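I opened this notebook to record what I looked up in one chain.

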Amino acid sequence: MQALAFVMAILGCGESEAPCEEIALAASRYPSREACMAATEAELGRHGEALYPVVVAVCRREGHNNRSLTRVEVARPVVAGALEQPHE
């Protein structure tokens, strides 16, 4: 049985209701959602030059391509089993 791994997607969000765009996927894999979330601040620092008003990190199970998020949704907690609250 393969162990669960989590990945961190970096999303760039505009100022409208348009979906955020995945601009990067962190190279690291994490053994838990908590470990992934603990690494978000450092990873976001690597994407400070992104040309978006808002850049957030979302941790998700590897192999799961979650639904699109909008700027409004990343500004509040996300309640879903496969998503973790984005970290700005």
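The model I consulted is predicted. I looked up Cys59 and found a relative accessible area of 0%. Cys59 therefore counts as buried, because 0% is under the 20% cut-off. I located Cys59 in strand β3, which covers residues 54-61. I also checked Cys59 against Val7: their C-alpha atoms are 5.7 Å apart in space, although 52 residues separate the two in sequence.

I recorded three helices and three strands. Read from the N terminus, the order of the elements is β-β-α-α-β-α. The chain has 88 residues, and 42% of them count as buried. I then turned to contacts between residues at least 6 apart in sequence, and noted that 63% of these join residues at least 24 apart.

Entry 3, salt bridges. How many salt bridges does the count come to? I found three.

I began with Glu22 and Arg60, whose closest N and O atoms are 2.9 Å apart. This pair links distant parts of the chain, since Glu22 lies in strand β2 (residues 21-25) and Arg60 in strand β3, 38 residues apart. I noted that Glu22 is partly exposed at 41% relative accessible area, whereas Arg60 is buried at 10%.

Next I examined Arg29 and Glu62, whose side chains meet in a salt bridge at 2.7 Å, N to O. This pair also links distant parts of the chain: Arg29 is in the loop between β2 and α1, Glu62 is in the loop between β3 and α3, and 33 residues separate them.

Finally I looked up Arg46 and Glu43, which form a salt bridge with closest N and O atoms 3.3 Å apart. Arg46 has a relative accessible area of 57% and is therefore exposed. Glu43 counts as buried, because its relative accessibility is 12%.

Technical notes: Residues are numbered from 1 along each chain as its sequence is written. This is a predicted model: local features need pLDDT of at least 70, side-chain atom pairs count only at pLDDT 80 or more; totals for chains, interfaces and linings use all residues. Side-chain values use heavy atoms; hydrogens and water are left out. Helices (H or I, at least four residues) and strands (E, at least two) are DSSP runs, numbered from the N terminus. Buried means under 20% relative accessible area, exposed over 50%, partly exposed in between (1.4 Å probe, protein chains only). Contact means heavy atoms within 4.5 Å. A salt bridge is a side-chain nitrogen of Lys or Arg within 4 Å of a carboxyl oxygen of Asp or Glu.
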